[in-house]
Amino acid sequence: MEAVSDTDVQFWMAKAVNWGEDTSCSALLDTSRHLGSLRSFLQQVLQGLQQMRSTSEAMKTFPFVGQFLGRLCWNPCVIVDERSQRLLLRCLSCLYSAEPLNAVERKANMWIKNLLCHLISEEEGSVAHATVKNAGLTPKRYHLEALQKVVSLMTEEVIKSCDGSSNTARCLNGNIHTMATACVALVTCPQMSPLIGALLKHSMLCGSSCLNQEFIKEINEALISKRLVLEDEAIVNLWCYSPTCLEGAAVSLLESVLSDHETMTQSLNKHVNDSLLHIRFRNNVRLYVCVCVCVCVCVCRNVLTEIDENLAVRALIQVFTACFLQRLTGQKPQDRLQLRAFFPNVTPCLLAPLLTAPSEVPREAWLDHLSWIRSLLQSVMENEEAGGDVRAYQAVFEAWFLLVQCGFWVDTAAELLVLAAPENADSLLWLLTFFHHPTNRGHQRSQQTAVAREAWTHLRMLFLTRPPPPRHLSAVKELLSSSLSANLVLHLFLNFTVFSHGPVSIIIEITDKVLTEAAVKRKALWILASIRCRLNSAATRDDRVHSRLRTLQDTLL
């Protein structure tokens, strides 16, 4: 245990005396600035008290401790900090005698009881109650309002320190830096949110960099861990001030999806909507651009480059893009940027057909719309084969990545394949094959297309014939075990389970026989999550399909 030095004792006693119960701005700033160091000192004191055999021994070894702890217990800034209050309570508990042996220990027990009542009790008759009864407030409310009043004054000072209507900033950067430093120890206190928001707004209006990195780091960590709630504008300003924070939030969302597939596959849409990255800002185009580029291009695209068959990442990208497009559509026309601004690297002719949601196209026109998309993508592919240079390859990648973002059209194609006539299947199968196999590795494109058609033929016989022919069941299982096109076959299979018209009992029986491996079931849940996302945004609701989808998800879980 590290010894408590006399120098430290003198320093902290002086601080405790100077702070007292002062609730002025200067007192709050000084207390907040030293709060982290104070907690370290209290931890040393606690460790020392834990070594004592009695209260009498503790009072002799640490003669300052009674006055020191007593003063801190009445400091509103210290009390409102949960970690500091916890340390104070533990120190007081160490001083309490279960069986007092003398008058000193009995008196100490009474004193400790009064302090504990002050800290954790609001009962009538307590010292705390007596102290604030004239103000008509409970002890907790008294301290919170005292802190809130000081924070309000500091927030006004921050707002006034920068004239947002002028290009010339009238900023008191020294004061701003001091206030940001003071906030670090108290970022999780709800009363601090207005001040934090004002500081972040100040940084954007004045174009200054007077916010220290510790302040930004603490805010970001508190936001990600849901220990801090800020207004939308404050989050915008944080992400614009620090792109690293935006990237960290994107990575956090991605990690949560990859680490908890059972929860995420059931409520991926809700999880994206509830995340910090959900586009909920009505008129802030700047945020749309930042989030779209960071999440959909920088983070997820890098992950897909490494693991291009990761269905969880694809599902996240698809759901995120759907939420993004819904919010973008909800903007006023004068506030809305052209789609080109969000997808600058994509061939322009692809944007309109792919970014138009299926719910915006009449069902009877789906096949023609998908044929249009197929012809445009095929044109990009042909240019790659003719050119063979880096630009051509890049164009194919950008086209494929946009198709991944707009995976709802691939799901629509898979749905139509359930009841499609043979003459209409080619363009739909091509689209599904390109989605799962965008490159022509080993010149296998023709072989992959053949596998897709073979799987489709077997699935039609399996789901549209009664009873299901065992031969086709075995063929589907064999195709699923193939490493060449397993995800493609699984994608087709699951759409047949959801959209075919056979009895649910038979569908579940087929599913149990085909999907036997845990890894395949996990993949299936992600594909079903994508299907569910599209169905939730459909123009009309088919209760039969939704019910079957829920039954399948429950079965796989």
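Analyst: The answer below begins with the whole chain and then turns to the spaces and the helices around them.

This is a predicted model, in which local features need pLDDT of at least 70 and side-chain atom pairs count only at pLDDT 80 or more, while totals for chains, interfaces and linings use all residues. Residues are numbered from 1 along each chain as its sequence is written, and side-chain values use heavy atoms, with hydrogens and water left out.

The protein has 28 helices and 0 strands. Here helices (H or I, at least four residues) and strands (E, at least two) are DSSP runs, numbered from the N terminus. Of its 557 residues, 51% count as buried; buried means under 20% relative accessible area, exposed over 50% and partly exposed in between, with a 1.4 Å probe and protein chains only. A contact requires heavy atoms within 4.5 Å. Among contacts between residues at least 6 apart in sequence, 72% join residues at least 24 apart.

The confidence of the prediction should be considered next. The pLDDT, which is the predictor's confidence in each residue from 0 to 100, averages 80 over the protein, and 81% of the residues score at least 70. Over residues 122-128 the pLDDT is below 50, and this stretch has 14 contacts in the model beyond near neighbours in sequence. Residues 164-171 also have a pLDDT below 50, with 9 contacts beyond near neighbours in sequence. Where pLDDT is low, the predicted coordinates should not be read in detail.

On a 1 Å grid over the protein atoms alone, a cavity is a set of points where a 1.4 Å probe fits but cannot get out; a pocket is an open set with protein on both sides within 12 Å along at least five of seven lines; lining residues have an atom within 4 Å of a point. Grid points are joined across faces, edges and corners, and a volume is the space filled by probe spheres set on the points. A search of the whole structure finds 3 cavities of 30 Å³ or more. The largest cavity has a volume of about 110 Å³. Its lining consists of L311, R314, A315, Q318, V404, D411, F435, H491, W526, I527 and S530. By class, this lining has 6 nonpolar, 3 polar and 2 charged residues. In this scheme Ala, Val, Leu, Ile, Met, Phe, Trp, Tyr, Cys and Pro are nonpolar, Asp, Glu, Lys and Arg are charged, and the others, Gly among them, are polar.

Which helix gives the most to the lining of the largest cavity? It is α17, with 4 residues, and both α17 and α27 supply at least two each. Helix α17 is largely enclosed by the rest of the structure, because 16 of its 19 residues are buried. The expected span of a helix is 1.5 Å times one less than its number of residues.

Helix α20 (residues 390-405) has 16 residues and reaches 22 Å from its first C-alpha to its last, close to the expected 22 Å. N495 is in helix α25 (residues 486-499); at 0% relative accessibility, N495 counts as buried.

Finally, there is the open space. The largest pocket has a volume of about 930 Å³. Of the 43 residues that line this pocket, the closest to its centre are P358, S359, W366, R534 and A538. The elements that give two or more residues to its lining are α17 (311-329), α18 (351-355), α19 (366-387), α21 (407-419), α22 (422-436), α27 (518-536) and α28 (543-556). By class, the pocket lining has 26 nonpolar, 9 polar and 8 charged residues.
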